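Please keep the sequence and the structure in view while reading.

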Amino acid sequence: MSTPWFGNNQQTIGDKIKSLFKNDREPIEKKAIIAHYRVKTALGRINSYLSKIEQRDRELFQNVVESLVKRDERKAKMYAKEVSELRKVAKQLITVQYALEHASLKLETFLVFGGAMRELQPIVSVMKEAVGIVRSLAPDVWIDLQVALRELETSMNTGVADISAEIDVGLDNDARKIFEEAKTVAEQKLKEHYAELPKILTEAEKSGEASP
């Protein structure tokens with residue numbers, strides 16, 4: 001069996017969980033573990049949503065193609081509009097997915113190696129942004145993230161002694177930077193996984209949006 005990359009002297013997350021739940025001396029880390037579990041659960045749900053969206057997108061795209069072959073442009077435009085709406089949702093979910101993967105990794109680092117409570121604040125900023133995006137798209141993901149946020153914010157309030165107003169400066173910028181990167185990744189993934197709609201339909205849609 002291979003050993004963790006950080007060596008035998010460091011605990012794995014599994015070891016950490018076992019040791020923490022054997023005693024009540026580290027309630028802050030217990031809350032971080034619960035938050036991490038909820039973030040991972042949310043990521044699993046997002047993956048499931050994206051798989052269903054990709055499957056539905058293929059079906060709709062095929063309908064677009066078949067309608068064009070039959071010279072039924074009206075139906076082709078109708079299906080193309082549905083494809084566009086579906087891909088907007090996919091882009092938002094991929095954006096959240098990327099941001100939450102960052103949050104999950106930071107939580108893992110905090111749990112395995114420890115650290116100051118202030119290190120949780122950027123994670124909270126990212127998750128609050130994610131909550132706002134998924135609220136209407138994926139209510140079950142929203143619930144997971146709300147629970148995770150509650151646990152993290154409670155743990156931070158427990159250890160609030162080392163969190164000052166100065167620490168908050170720039171944290172929103174950190175979250176914004178992560179989401180800017182996430183949007184770029186989402187756009188790239190859409191190009192890789194979703195077939196491009198015929199230009200005649202996308203141009204017609206754009207001209208329709210521009211019309212008063």
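## Helix α4

Helix α4 has 14 residues, and its first and last C-alpha atoms are 20 Å apart, close to the 20 Å expected at 1.5 Å a residue. Here the expected span is 1.5 Å times one less than the number of residues in the helix. Helices are DSSP runs of H or I with at least four residues, strands are DSSP runs of E with at least two, and both are numbered from the N terminus.

How many of the 14 residues of α4 are buried? Eleven of them are, so α4 is largely enclosed by the rest of the structure. A residue is buried under 20% relative accessible area, exposed over 50%, and partly exposed in between, using a 1.4 Å probe and protein chains only. Among the buried residues of α4 are Pro 122, Ile 123, Val 126, Met 127, Ala 130 and Val 134.

## Basis of the model

The model is predicted: local features need pLDDT of at least 70 and side-chain atom pairs count only at pLDDT 80 or more, while totals for chains, interfaces and linings use all residues. Residues are numbered from 1 along each chain as its sequence is written, and side-chain values use heavy atoms, with hydrogens and water left out.

## The chain as a whole

The chain has eight helices and zero strands. Its pattern along the sequence is accordingly written α-α-α-α-α-α-α-α. Buried residues make up 37% of the 212 residues in the chain.

Contact means heavy atoms within 4.5 Å. Of the contacts in the chain with a separation of 6 or more, 79% are between residues 24 or more positions apart.

## Helices α2 and α3

Helix α2 covers residues 27-69, and Glu 59 lies in it. The end C-alpha atoms of α2 are 63 Å apart, which agrees with the 63 Å that its 43 residues should span at 1.5 Å a residue. Helix α3 covers residues 73-113; its 41 residues reach 59 Å from the first C-alpha to the last, close to the expected 60 Å.

α2 and α3 pack at an angle of about 160°, and their axes are 8 Å apart. That angle makes α2 roughly antiparallel to α3. Axes are lines fitted to C-alpha atoms, for helices over the stretch in contact, and angles run from 0 to 180 degrees between N-to-C directions. Angles under 35 degrees count as roughly parallel, over 145 as roughly antiparallel, 65 to 115 as roughly perpendicular, and the rest as oblique. The crossing of α2 and α3 is left-handed, a term used if the near helix is turned anticlockwise from the far one by less than a right angle, with right-handed used if clockwise. By class, the contact of α2 with α3 has 28 nonpolar, six polar and nine charged residues. Ala, Val, Leu, Ile, Met, Phe, Trp, Tyr, Cys and Pro count as nonpolar, Asp, Glu, Lys and Arg as charged, and the others, Gly among them, as polar.

Is Ser 104 buried or exposed? Ser 104, found in α3, counts as buried at 2% relative accessibility. Leaving aside neighbours within four places in sequence, Ser 104 is in contact with His 36, Val 39, Lys 40 and Leu 43. Glu 59 is partly exposed, with a relative accessible area of 38%. The C-alpha atoms of Glu 59 and Val 83 are separated by 9.5 Å, although the two residues are 24 apart along the chain.

Arg 71 is placed in the loop between α2 and α3. Arg 71 is exposed, with a relative accessible area of 79%. Most residues other than glycine have a negative phi. Arg 71, however, is not a glycine and has a positive phi of about 60°.

## From α3 to α4

Just after α3, Gly 114 takes a positive phi of about 80°. Glu 119 is found in the loop between α3 and α4. Glu 119 is partly exposed, with a relative accessible area of 42%, and touches Phe 110 and Gly 114, not counting residues up to four places away in sequence.

The axes of α3 and α4 (residues 121-134) come within 10 Å and cross at roughly 155°. α3 and α4 are therefore roughly antiparallel to each other, and their crossing is left-handed. Residues of α3 including Val 96, Leu 100 and Leu 107 take part in this meeting, and those of α4 include Ile 123, Met 127 and Ile 133. By class, the contact of α3 with α4 has eleven nonpolar, one polar and one charged residues.
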